[in-house]
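Hi everyone, thanks for making time. I'd like to walk you through one protein today, so please have a look at it while I talk.

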Amino acid sequence: MNKKILVVDDEIKILEVVKSYLEREGFSVITETNGNNVLDTFKKEKPDLVILDLMLPGISGEELCKRLRQFSNVPILMLTAKVQESDKINGFSIGADDYITKPFSPRELVMRVKAILRRTTDDVPLAEVMSFNNDDLVVDLRAHTVRKKGVVVNLTPNEFKILKILIRNPNRVFTREELIEKVMGFDYEGYDRTIDAHIKNLRQKIEDDTKNPVYIRTVYGVGYKFGDGNV
């Protein structure tokens with residue numbers, strides 16, 4: 001399938017078994033045993049899917065899931081010994097795409113990986129509540145609320161749509177035409193610089209310095225994107 005999988009678990013035997021089964025199916029596999037190394041490895045290798053154990057030395061799997069969801073919509077399969085329903089619900093709420101408990105069948109895990117990759121697209125939702133820069137900006141996609149430094153920010157429907165599109169596709173550059181089509185509809189006949197006005201207003205509400213924005217970034221001659229991977 002020519003896809004790259006990052007497998008994170010501190011149990012070497014599990015890593016070896018999972019790696020072996022995935023490679024038999026044609027996947028390229030990278031492994032990590034310590035949570036402290038995962039984010040650097042992820043940014044370097046850019047995997048297509050992450051298999052993530054919750055109980056890790058260093059940064060926990062749950063915290064890693066939250067951090068990954070701040071800048072990536074890569075599919076995440078949680079791998080854990082926790083079997084309570086509340087644990088699974090929490091995993092999904094922070095952005096996991098699937099959940100498998102130990103002990104598990106390696107063949108089932110491979111089938112789940114294949115199923116996730118088949119159904120995931122660029123529009124896979126991130127976590128329902130997303131926080132950036134130590135809660136400087138908090139966006140609740142389900143409740144349609146935005147907080148800046150703990151204070152609720154009132155966005156217009158179109159402003160929220162633009163923000164939602166951008167944060168669900170971090171680092172993807174959208175042209176004005178693409179944003180117009182997604183926000184206002186394909187048959188919109190207004191001026192394409194309308195998006196610029198919405199972006200200007202949005203920046204005034206969520207940026208500390210509108211001349212040096214950290215969230216809504218301009219890619220000159222192309223369009224706009226959310227962040228640079230470090231927000």
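This is a predicted model: local features need pLDDT of at least 70, side-chain atom pairs count only at pLDDT 80 or more; totals for chains, interfaces and linings use all residues.

Leaving aside residues up to four places away in sequence, D53 touches V8, D9, D10, G61, L79, T80 and K102.

Where is D53 found? It's in strand 3. And is D53 buried or exposed? The cut-off for buried is under 20% relative accessible area, and D53 has 2%, so it counts as buried. There's also a note from a record: the UniProt annotation "modified residue: 4-aspartylphosphate", from an unreviewed entry, covers D53.

Okay, let me zoom out for a moment. The protein has 231 residues, and 47% of them are buried. Its secondary structure comes to eight helices and twelve strands. If you take the contacts with a separation of 6 or more, 57% of them are between residues 24 or more positions apart.

Now, on to helix 2, which covers residues 38-45. Which of its residues are buried? Those are V38, L39, T41 and F42. Looking down the axis of helix 2, the buried residues fall within an arc of 165 degrees, so they line one face of the helix. Here's the general idea behind that kind of pattern: an α-helix has 3.6 residues a turn, so residues three or four places apart point the same way.

What about the face of helix 2 turned away from the buried side? That one carries the exposed residues D40 and K44. And what covers the buried residues of helix 2? The cover includes strand 1 (4-8), strand 2 (28-32), strand 3 (49-53) and helix 3 (61-68). You'll remember strand 3, where D53 is found. One more detail here: just after helix 2, K46 takes a positive phi of about 50 degrees.

Next up, the aromatic rings. How many aromatic pairs are there? The count comes to four. One of them is F42 with F71, an edge-to-face pair at 5.9 Å centre to centre, with 70 degrees between the planes. F42 lies in helix 2 and F71 in the loop between helix 3 and strand 4 (76-80), so the pair ties together parts that are 29 residues apart in sequence. F42 is buried, with a relative accessible area of 7%, and F71 is buried too, at 14%.

Let's move on to F132 and Y215. Their ring centres are 6.4 Å apart and their planes are at 65 degrees, so this pair is edge-to-face. The pair links distant parts of the chain: F132 is in strand 6 (residues 129-132), while Y215 is in the loop between helix 8 (194-206) and strand 11 (216-219), 83 residues apart. Both F132 and Y215 are buried. Together with F226, F132 and Y215 form one aromatic cluster.

Last stop: charges over rings. Elsewhere, the charged end of R24 sits over the ring of Y21, 4.5 Å from the ring centre.

Methods: Residues are numbered from 1 along each chain as its sequence is written. Side-chain values use heavy atoms; hydrogens and water are left out. Buried means under 20% relative accessible area, exposed over 50%, partly exposed in between (1.4 Å probe, protein chains only). Helices (H or I, at least four residues) and strands (E, at least two) are DSSP runs, numbered from the N terminus. The arc is that of the directions from the helix axis to the C-beta atoms. Contact means heavy atoms within 4.5 Å. UniProt positions are given in the numbering used here, feature names are shortened, and annotations may be inferred rather than shown by experiment. Rings of Phe, Tyr and Trp (its six-membered ring) pair if their centres lie within 6.5 Å; planes under 30 degrees apart count as stacked, over 60 as edge-to-face and the rest as tilted. A charge sits over a ring if NZ of Lys or CZ of Arg is within 6 Å of the ring centre and within 35 degrees of the ring normal.
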